[in-house]
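Here's a quick briefing to read alongside the model. Grab the viewer and follow along, topic by topic.

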Amino acid sequence: MWLDIKEGLAFIAQDRILVKVIGNLTFATTVFMLVAALAPNFVSTVIGLPPGQIGYIVAPAGLGVIAGVVLVPRLSRMFPREQMIDMSVALGGVALLLLALSRVVLTAILAPNPVPEQLMVGVAGALAATLGIFNALVLVPSQTILQERSHEAIRARVFATFFTITSVVSFVPIFFAAAAADLFGVATVLAAVAALLIVVGVTMMFMNVRRQRMRH
């Protein structure tokens, strides 16, 4: 198993695009799992519903992923895949940031009146669906690039290496997510993760533009 992982790592390391794609896939998967892990706490503390009503967040997010999968072929004809992935990472961060701060924003807009529960649920569900769309716009083209740039003889080892990396990397933040939410608040933790997404996405966009200019 270790030899297979070493071969997969060696093949990935020599291809800059493969390294970037696996980084994006690992990052997007970790963030989505982190949001899912914090969803019950978010539903109870931010939206104000019992934790068992997590479906108001999970169901729209799942529908958003399906919508994103449907949109990928059309958007792929409009934007290069790398550009679409970078933009989706940044915009997914914006959607997550708005979701984390949705209670604060609505309270400020409607003050001094309280935020209606139905409005809060509707806004949170819409933002969760938007996050699901951008998640699909990262995962689907990244998986496509991963398959295209891995020839048949090494493809299985590349995917095995990718899943191993994702499992190891995602364990730590998800393991400590609940403790961090108890210490700092679930909205604060999600906002911090969203800020990281935005920074990573914008940085990758600028690096991609710079590479294109250097190539020209």
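Let's start with Lys 20, which makes a salt bridge to Glu 82 in this predicted model. The closest N and O atoms of Lys 20 and Glu 82 are 3.0 Å apart. Lys 20 belongs to helix H2 (residues 16-47) and Glu 82 to helix H4 (residues 81-100), so this pair ties together parts that are 62 residues apart in sequence.

**Salt bridges**

- In total, the structure has three salt bridges; side chains of opposite charge can pair when their charged atoms come close.
- Lys 20 also forms a salt bridge with Asp 86, and here the closest N and O atoms sit 3.1 Å apart. That pair again links distant parts of the chain, with Lys 20 in helix H2 and Asp 86 in helix H4, 66 residues apart.
- Are these two partners buried or exposed? Lys 20 is buried because its relative accessible area is 14%, which is under the 20% cut-off. Asp 86 is buried too, with a relative accessible area of 0%.
- Arg 81 forms a salt bridge with Glu 148, with 2.6 Å between the closest N and O atoms.
- As for accessibility, Arg 81 counts as partly exposed at 31%, while Glu 148 is exposed, with a relative accessible area of 52%.

**Thr 30 in helix H2**

- Thr 30 has its place in helix H2, and it is buried, with a relative accessible area of 9%.
- What does the side chain of Thr 30 reach? It reaches the backbone oxygen of Thr 26, at 2.7 Å.
- Setting aside neighbours within four places in sequence, Thr 30 is in contact with Val 169, Ser 170, Pro 173 and Ile 174.

**Helix H8**

- Helix H8 (residues 186-215) runs for 30 residues and reaches 43 Å from its first C-alpha to its last. That's close to the 44 Å expected at 1.5 Å a residue.
- Which residues of H8 are buried? Among them are Val 186, Val 189, Leu 190, Val 193, Ala 194 and Leu 197. The list of buried residues also includes Gly 201, Met 204, Asn 208 and Arg 211.
- A reminder for reading that list: an α-helix has 3.6 residues a turn, so residues three or four places apart point the same way.
- The cover over the buried residues of H8 includes H2, H4 and helix H7 (155-184).

**Around helix H5**

- Leu 101, Val 104, Val 105 and Ile 109 make up a nonpolar patch on the surface. Together they have about 350 Å² of accessible area.
- Within that patch, Val 104 is found in helix H5 (residues 102-110). Val 104 is exposed because its relative accessible area is 56%, over the 50% cut-off.
- Where is Pro 112 found? Pro 112 is in the loop between H5 and H6.
- The peptide bond from Ala 111 to Pro 112 is cis, with omega near 5 degrees.

Terms used
Residues are numbered from 1 along each chain as its sequence is written. This is a predicted model: local features need pLDDT of at least 70, side-chain atom pairs count only at pLDDT 80 or more; totals for chains, interfaces and linings use all residues. Side-chain values use heavy atoms; hydrogens and water are left out. A salt bridge is a side-chain nitrogen of Lys or Arg within 4 Å of a carboxyl oxygen of Asp or Glu. Helices (H or I, at least four residues) and strands (E, at least two) are DSSP runs, numbered from the N terminus. Buried means under 20% relative accessible area, exposed over 50%, partly exposed in between (1.4 Å probe, protein chains only). Patches are made of residues with over 30% relative accessible area and no salt bridge: like charges are joined within 9 Å, nonpolar side chains (Val, Leu, Ile, Met, Phe, Trp, Tyr) within 5 Å. Accessible areas come from the Shrake-Rupley method with a 1.4 Å probe; for residues, only the protein chains shown count as cover. The expected span of a helix is 1.5 Å times one less than its number of residues. Contact means heavy atoms within 4.5 Å. A polar contact is a pair of N or O atoms within 3.5 Å; within protein, one must be able to donate a hydrogen and the other to accept it, and residues adjacent in sequence count only if both atoms are side-chain atoms.
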